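Q: Below is a structure to go through term by term. Please set each label against its definition.

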Amino acid sequence: MLQDLRRSTPHAEEHVVVGLENEAYKLVNQLIGRDQRRRVISLVGMGGIGKTTLAKKVYNHTQVVECFPDYRAWAYVSQDCRPRDVYMQIIKQICSSTKEQVEMAEKLQEHELGDFLHGHLKDNRYLIVLDDVWSPVNWSCLAKKSSNDPDCLGNVFPDGGKGSRIMLTTRYKEVASHADAFLDIDAESYLPDLKELGEKMVDKCNGLPLAIVLLGGLLSKNMSHIEWKKVHDNMSAYLAKEGQIAGVMTMLNLSYIDLPSYLKPCFLHLSLFPEDYVISIRKLLLLWISEGFVLQQDRQSMKDTAEIYLNELINRNLIQVVRTSVNARVMECRVHDFIQELAIEKAKEHNFIGTNIVVDPHLFPSSSPSLFSSKSRRQSIILTLRDFITKCFKVLRVLDLEGLGIENVPSIIGELIHLRYLGLRHTGLKMIPLSIGNLRNLQTLDINNLKRVLDVIWKITNMRYLYIEEQEEDDPLKIDTVLNLQIISSITFNQWIRNNSSKLTCLEKLKIEGRCELVEEVEFSNSIAKLHSSLKSLYLKASDESSIPSLAMSSCPHLCKLDIKGRMQKLNETFQFPRNLSQLTLEACRLECDPMPILEKLPNLLTLILRAGSYLGKEMHVSADGFPRLQILQLLRFKELVWLNILKGAMPWLMQLEFDNFITEIFGLNELLNLVEVKIPFSSLLAMILFHKIEDSFWGLTRIAGAEGGMHICRQKGLTLASSKQALEQLADFLEQCSRLNFV
């Protein structure tokens, strides 16, 4: 699942997509038609074809606005569909709510929010746009949340007989088939002369892959004939030069010129990184925020906004994805050599960034003397720490010393009062000076492997992102005065329990690790429950033989990601998982009873990862109604598991299955009709020969590189229901043969 963070709104000014005027006319007529029934209309087409642009224009069309003057809302859904978030988007647009009322609504359970929304819509004529719906189960879950209200009839969007409309945009015809009507947009919808222009521009790229990729990213943002013609004419002017490199640089220049103003600083910042350097996304986003490149958006964290910027640059093919998480969130990236050349060139033009001359280039591998300018606005590399602080840049915002192998940081660092980002990861430091407490504007502190953390964090009241992982000693650490904290990664159990967590009302991500045998369960559970208004991600890691305390997390409605590593006494109904949990990872829990009967009841779970030692038994069973929304299941490094039984009706939306140890029997695989991707440990020559018997028909194969190896099997797209069943039967037979031969 590639997380699409473009988060559309209906207010952006965009030109009508040329060639879709007829579709726009039809869509407007369907929305304002005389039919008084509630109707669902779907707009379907491949990614980038212009669905959202068309939907925005129709949504803001004069006749549509007049037809739905009061109850009109736009909600962005995405692949990681969270009904609660979607409902809140709609409620904020259709209800004239005070801040207090919004805060009260945010405390409601998901089904209560559905009832609340139903109550506001049932007696009114409304138009709701749900942009980017990925699967029928997402639409079904949004529209038919269970309810205790007998008047709600289990449907959030009621048919009050007043001519209400719901418009979906989607890439998938399976979603569109659930609508009352749909419009199918394809490439042939564009005018012939637009297609001809596109072909001419591709020809001008002279077959250069990078130039063609950049052209695609450029044109996807400018879909009108006028804009395409402008790009075509500029290409002609630039390409008067000869040579292939000139052609690539032509497309690079056009791509840079086309960037909106808020993306240009982020692009120029990429000039800092060495050639072919793999960039941590976490770090990159925090650097952008610290430099002031990221604009504050209403009710959206700056980190989320920064991630939207990143995805825009990726969609424009200016950043290459290197690694993604299990739910396809980008974790690492790099920049192509030519693109980095352009970033450096533009950075010099704008005096955007510079470097001092370094004494020892081996200590500072990211230095780039060619960027040096006495007028540059930012400096990235230093002579010595003391000289740097006392003589050079007391107004510095970012100081990143990651990996430099320094033994200490001088106390004079406390004079950098404008510092917003301090990176000391992998430096070999065992202590940080007390003077760091003077950095009152510091937003990010990133450090690891300290022997002890001095109790000075409480002074840095503007801190938002605190990374102090792998502490050697468990000394007291006061943090409950830092009211703006959004991320803590990590703090020990004993340190956490000594703070008043109710003050940390902005905390979204929390990682706690260390020994926890002295932690009182009720006290710890209450400390987590106090984060109910903000907590979205929780990671608990118990060291040695201590056990993870039991938790009652049902009072945390926003908690969607939970990662537990360490012994658990047992997994039963008393371990109350949050209802809206969408991703769960268990490792080293040493559970003796099959966890599936408990976990399969989580109604919104999308991703389940069970790692080594999470379960010690030999059998797993999933009941007929188990895991109603699960899309990804990973069973990793299970040495004892030999039997997986999936009853018919279980996991109806499972798309990805991965296991890297031999499982003797897997039952029910042929009932998983949405399964399109399987990763298995078999990689022997005989397994490859067996697989080639089914490869040409329904499945494709990629061997997994590395010491562990394995096979990555993907189902062909566009199969009919009958073909899908046949494909799954073939896959089940293949795995059974591998099982009988007992090879890995």
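A: In strand 8, serine 280 has glutamate 332 as its bridge partner. This is a predicted model, where local features need pLDDT of at least 70, side-chain atom pairs count only at pLDDT 80 or more, and totals for chains, interfaces and linings use all residues. Residues are numbered from 1 along each chain as its sequence is written, and side-chain values use heavy atoms, without hydrogens and water.

Q: What makes strand 6 and strand 8 a pair?
A: Two strands pair if DSSP finds at least two bridges between them. Strand 6 and strand 8 (residues 330-334) are joined by 2 bridges, so they pair, and they run antiparallel. Strands here are DSSP runs of E, at least two residues; helices are runs of H or I, at least four, and both are numbered from the N terminus.

Q: Why are strand 6 and strand 7 called edge strands?
A: The open sheet has 3 strands in the order 6-8-7, with antiparallel pairing. Strand 6 and strand 7 (320-324) each pair on one side only.

Q: How do you know that strand 22 pairs with strand 20 and with strand 24?
A: Strand 20 (residues 632-635) and strand 22 (residues 656-659) share 4 bridges and run parallel. Leucine 635 stands opposite phenylalanine 659 there. Strand 22 and strand 24 (residues 677-680) have 3 bridges, also in the parallel sense. Leucine 657 faces valine 678 in strand 24.

Q: Why is glutamate 275 called exposed?
A: Exposed means over 50% relative accessible area, buried under 20%, partly exposed in between (1.4 Å probe, protein chains only). Glutamate 275 has 55% relative accessibility, so it counts as exposed. Its place is the loop between helix 13 (264-269) and strand 6 (279-280).
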